[in-house]
Amino acid sequence: MSRASSLESPAVGTSSSEFIVPCASQDPRPAAPPPADPAPGFALALSGGGFRATLCCIGAARFLADAGLLSRLRYASSVSGGSVANGVLACGYPGLAAEGFTGEAFDRHVLRPLVDRISGGSLKWKLIGNSWRTAGRATRTEVLADAFDDWWFDGRRLDQLPPQVRWIVNAANMTTGVGFNFERDVLGDYVVGWLSTAERPTRLAEAVAASAAVPGVFADVHVDAPFPCLAGHEVRLLDGGAYDNSGIQPLDDVRDACLVAVNAGGTFRVGQLGRLPVVRDLQRANAILYRQSTGLRRQVMVERFQVWEQAQQAGTPAPRFGRQGVLFSLGTRMRVSDEWEEGRPEHPEWREELVNVPTSFDKFPRELCRRLVYRGWWLTGASLSRFHRELLPAALPSWREVP
């Protein structure tokens, strides 16, 4: 009888007594970004949710640019639709740096290329038009990666991303059952171990496509590479949202940055059930599991924020558990300061419309793009001005229309 793999789990009904164990080899490790000056730096956690999330997340980054804080960005972790925003931001970063990270530079190098594509054509129909390629050896996910390259990434590799920021694109490893990270320096997870991107050159588009490969719609991504603890198993990746749709976990140990966590994922509808019993129950169970996992991650992170705030109020160093930051969802109802509210309307009449935008890569009307960008911008500014006013400039930034 062959020895059972350490990757098997009794939780799914196998007879093995072994559990998933971390890979003993934890090298190479990603390079730490340079410290922000002044401290603290900033970290973005950008959730999944199709182009709805892409636009809301880019709105959060635009606020940092408008507030003069984008030069202090040191970490950007993302899933699915948020990974599109992360990739476009990474590609535009050299131009931003050359022009002083201004809001106008952000619009020119990041926002306009993103909105022009999303409002000017349908990525979904672009994929359908290229579906003939799947009759050969290409998968739908490879076609998606090529579409990302054509629209935004232009063949850029992970190792070509700017070193000033630790860029993290998250997928879910179906082999190990944990999150799989694509970074500038490394790729892998804590079970199979890590490889240098010099050993396994990887396109940014491939990483983003793996992060966005929704099960049942796109094929899993096979990463054929000699991971140190693979033990004869093949790495197979799907949508990072299957493991952590928030993109928060890779930032758990980050203590030198203020976290801005953007949740633009799907909305759980109370009492909304389908008619077909088996399909209805499977879909509902999946939605409940998703709601539980994201809810627990948010709850823990809020508790960490509260610990940090209590230490600040007491004038004592924050314990290791504490974190500085803010977290919000697309549909968050937020009490804001009078200073922020002046001239920066929330537009609560948009909330229901925006949270119900389908999770898709279809064409979005330009006005819808504008509203989603504004929502991400407004929530970021409202939350930072309420909880971390000391990090913002004396004069709070005002909204500039999407060009």
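**Notes on packing and rings**

1. The model is predicted: local features need pLDDT of at least 70, side-chain atom pairs count only at pLDDT 80 or more, and totals for chains, interfaces and linings use all residues. Residues are numbered from 1 along each chain as its sequence is written, and side-chain values use heavy atoms, without hydrogens and water.

2. The angle between α3 (residues 103–120) and α5 (residues 140–153) is about 130 degrees, and their axes are 10 Å apart. P113, L114, R117 and I118 of α3 meet D150, W151 and W152 of α5 (contact: heavy atoms within 4.5 Å).

3. The count of aromatic pairs is 19 (Phe, Tyr and six-membered Trp rings with centres within 6.5 Å; planes under 30 degrees apart are stacked, over 60 edge-to-face, the rest tilted). F51 and W152 have ring centres 6.2 Å apart and planes at 85 degrees, so this pair is edge-to-face. F51 lies in helix α1 (residues 50–66) and W152 in helix α5, 101 residues apart.

4. F51 also forms an edge-to-face pair with F364, at 6.1 Å centre to centre and 85 degrees between the planes. F364 is in the loop between α10 (351–355) and α11 (366–387), 313 residues from F51. Both F51 and F364 are buried (under 20% relative accessible area, with exposed over 50% and partly exposed in between; 1.4 Å probe, protein chains only).

5. Ring pairs join F51, F148, W151, W152, F153, F361 and F364 into a cluster.

Methods
Axes fitted to C-alpha atoms, helices over the stretch in contact; angles between N-to-C directions. Helix = DSSP H or I, 4+ residues; strand = E, 2+ residues; numbered from the N terminus.
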